[in-house]
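Please examine the model shown below.

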Amino acid sequence: MTAQHPVTRVEKLRRTYDHGKVVAVNDISFEVPVGGSLGIVGESGSGKTTTAKLIVGLEEPDSGRIFFDGQEIGTGSSRKLRRQRARTVQLVFQDPYQSLDPRQTVGGAIDEVLRLHTELSTSAFAKRRAELLEQVGLGVREAAALPRELSGGQRQRVAIARALAANPRLLVLDEAVAALDVSIQAQILNLLSEIRRETGVALVFVSHDLEVVRWVADDVVVMFRGSIIESGPTAEVLQRPEHPYTRLLLSSVPRLGWDPAQVSQARREFLATQ
Ligand SMILES: Nc1ncnc2c1ncn2[C@@H]1O[C@H](COP(=O)(O)OP(=O)(O)OP(=O)(O)O)[C@@H](O)[C@H]1O
């Protein structure tokens, strides 16, 4: 039996800006197994969003390689392969308000993706729309609503349903719960885990918050100034962080007895050593 290829693998990806002066992503490598989930964590500016954009093809790397199902995709790839990637990988942003058309109903927004990426018959089309809405916990009322008539959590559910409409094998979520209340965050994180279990879709979950990543990611990579400084199974990395920066990120999560002044001091001391 041949081993299954990971759904995506990146090898020594590098992306610079400002004629090489800003190294946003510095030779990073990782893979996401089929149906797996990878968390990418780091502080603001560590290169997480650039990494997400490189995976979905919104940015081109200066160097390095990206594979989907074992097949390399790059600037020289055919249109067919690029279209295939567009279907394989879907991106969900932090603020769905920006990505949803304010004049389009929720049902209409889902239909648009179904039309673009599937070839369903009229009856199968309506059934699939209903299935997607149900999958993200939305009903008929929400299907007829405009984005402004929904809460932030509901809008994020719409964005997830829209991404799933393309039947992707990988969902890339960039700070997808950062703008939501903590209790709504928990609902969306549970929803994502459920969807992964039910559909087998793999997740890349980008967040500045290690506690959030704990709930959704089997594995985690920790980024600092464009480089991966620590990686491994999420539970292990959180329990026994090896790199001082990972320890710093963990100590930055507010909890009982937490002292922000102490965290700031530790951060200053760490940065002074870099
Ligand atoms: N289009 C761009 N032009 C110039 N510099 C950029 C561009 N995009 C990102 N950068 C720089 O690259 C670095 C990494 O940015 P990136 O947005 O990937 O980080 P991040 O970890 O996602 O941060 P945040 O959570 O604040 O979005 C930063 O120093 C940023 O200023």
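How many residues does helix H7 have, and what distance does H7 reach from its first C-alpha to its last? Helix H7 (residues 152-164) has 13 residues and reaches 18 Å, close to the 18 Å expected at 1.5 Å a residue. This is a predicted model, in which local features need pLDDT of at least 70 and side-chain atom pairs count only at pLDDT 80 or more, while totals for chains, interfaces and linings use all residues. Residues are numbered from 1 along each chain as its sequence is written.

**Helix H7**
- Helices are DSSP runs (H or I, at least four residues), as are strands (E, at least two), and both are numbered from the N terminus.
- The expected span is 1.5 Å times one less than the number of residues.
- Because 10 of its 13 residues are buried, H7 is largely enclosed by the rest of the structure.
- A residue is buried if 20 or more other C-beta atoms, placed from the backbone, lie within 10 Å of its own.
- The buried residues include Arg155, Arg157 and Arg162.

**Domains**
- The protein chain is divided into domain 1 (8-99 + 169-242) and domain 2 (243-274), with bounds from an automatic or database domain assignment.
- Their C-alpha centres lie 24 Å apart.
- In domain 1, 11 residues are in contact with 7 residues of domain 2 (C-beta atoms, placed from the backbone, within 7 Å).

**Ligand shell**
- The ligand is surrounded by 13 residues, the closest being Tyr17, Ala24, Ser44, Thr49 and Thr50 (C-beta atom, placed from the backbone, within 6 Å).
- Strand S2 (22-32) and helix H1 (48-56) each give two or more residues to this shell, and H1 gives the most, with 3 residues.

How values were computed: A residue is buried if 20 or more other C-beta atoms lie within 10 Å of its own, exposed if 12 or fewer, and partly exposed in between; C-beta atoms are placed from the backbone. Two residues are in contact if their C-beta atoms, placed from the backbone, lie within 7 Å.
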